[in-house]
Amino acid sequence: MPGKQNDAPIFPKGDMAPSDYFTGTAWVKILVKNPPVLNISAANVVFEPGCRNNWHRHAGGQMLICTKGDGYFQEKGKKIQLLRAGDVVEILPGVVHWHGATPYNDFTHIAIGPSADKGGPDWLEPVTDTEYNNFQ
């Protein structure tokens with residue numbers, strides 16, 4: 001039907017994210033895995049409501065392109081930011097942060113890792129419920 005928006009996901013959910021690095025349920029679909037010339041990685045990440053990843057950092061930085069739902073993003077020492085489809089977050093190299101869904105909505109983003117040759121995320125401690133529920 002012309003003019004009707006298609007809510008079907010662009011990418012398949014992928015594999016369940018490892019519980020060692022996520023609180024709740026998330027799926028990761030690797031889209032680009034460090035091609036030699038471009039030196040980037042990219043993944044589509046789907047978070048169920050209330051799911052978030054651990055505090056972490058990337059030696060090469062990270063970019064999040066939000067594509068669906070409502071999410072949170074927080075840099076260590078700063079307030080939680082609300083994210084919606086269409087938002088883009090640029091995270092500088094070495095900045096400790098976390099991201100995930102809000103308590104009542106799912107959330108999907110494409111995570112891009114520039115300078116992929118510097119390695120993947122450096123996973124840290126889980127985000128506590130107190131930290132997660134501190135959105136103001």
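## Charges over rings

A charge is said to sit over a ring if NZ of Lys or CZ of Arg is within 6 Å of the ring centre and within 35 degrees of the ring normal. In this predicted model, the charged end of arginine 52 is placed over the ring of tyrosine 132, at 4.3 Å from its centre. Lysine 13 lies over the face of tryptophan 27, and its distance from the ring centre is 3.7 Å.

## Aromatic pairs and a cluster

Eight aromatic pairs are found when the whole structure is searched. One of them joins phenylalanine 22 and tryptophan 123; this pair is tilted, with 5.9 Å from centre to centre and 55° between the planes. Phenylalanine 22 belongs to strand β2 (residues 22–23) and tryptophan 123 to strand β12 (residues 122–123), so the pair links distant parts of the chain, 101 residues apart.

Phenylalanine 22 is buried because its relative accessibility is 9%, under the 20% limit. Tryptophan 123, at 24%, is partly exposed. Both residues belong to one aromatic cluster, which also includes Tyr21, Phe47 and Phe107.

## A stacked pair

Tyrosine 72 and phenylalanine 135 form a stacked aromatic pair, with centres 5.0 Å apart and planes at 25°. Tyrosine 72 is in strand β7 (residues 62–75), whereas phenylalanine 135 is in the segment after α1 (129–132); the pair therefore ties together parts that are 63 residues apart in sequence.

The two partners can also be described by their accessibility. Tyrosine 72 has a relative accessible area of 8% and is therefore buried, while phenylalanine 135, at 34%, counts as partly exposed.

Definitions and conventions
Residues are numbered from 1 along each chain as its sequence is written. This is a predicted model: local features need pLDDT of at least 70, side-chain atom pairs count only at pLDDT 80 or more; totals for chains, interfaces and linings use all residues. Side-chain values use heavy atoms; hydrogens and water are left out. Rings of Phe, Tyr and Trp (its six-membered ring) pair if their centres lie within 6.5 Å; planes under 30 degrees apart count as stacked, over 60 as edge-to-face and the rest as tilted. Helices (H or I, at least four residues) and strands (E, at least two) are DSSP runs, numbered from the N terminus. Buried means under 20% relative accessible area, exposed over 50%, partly exposed in between (1.4 Å probe, protein chains only).
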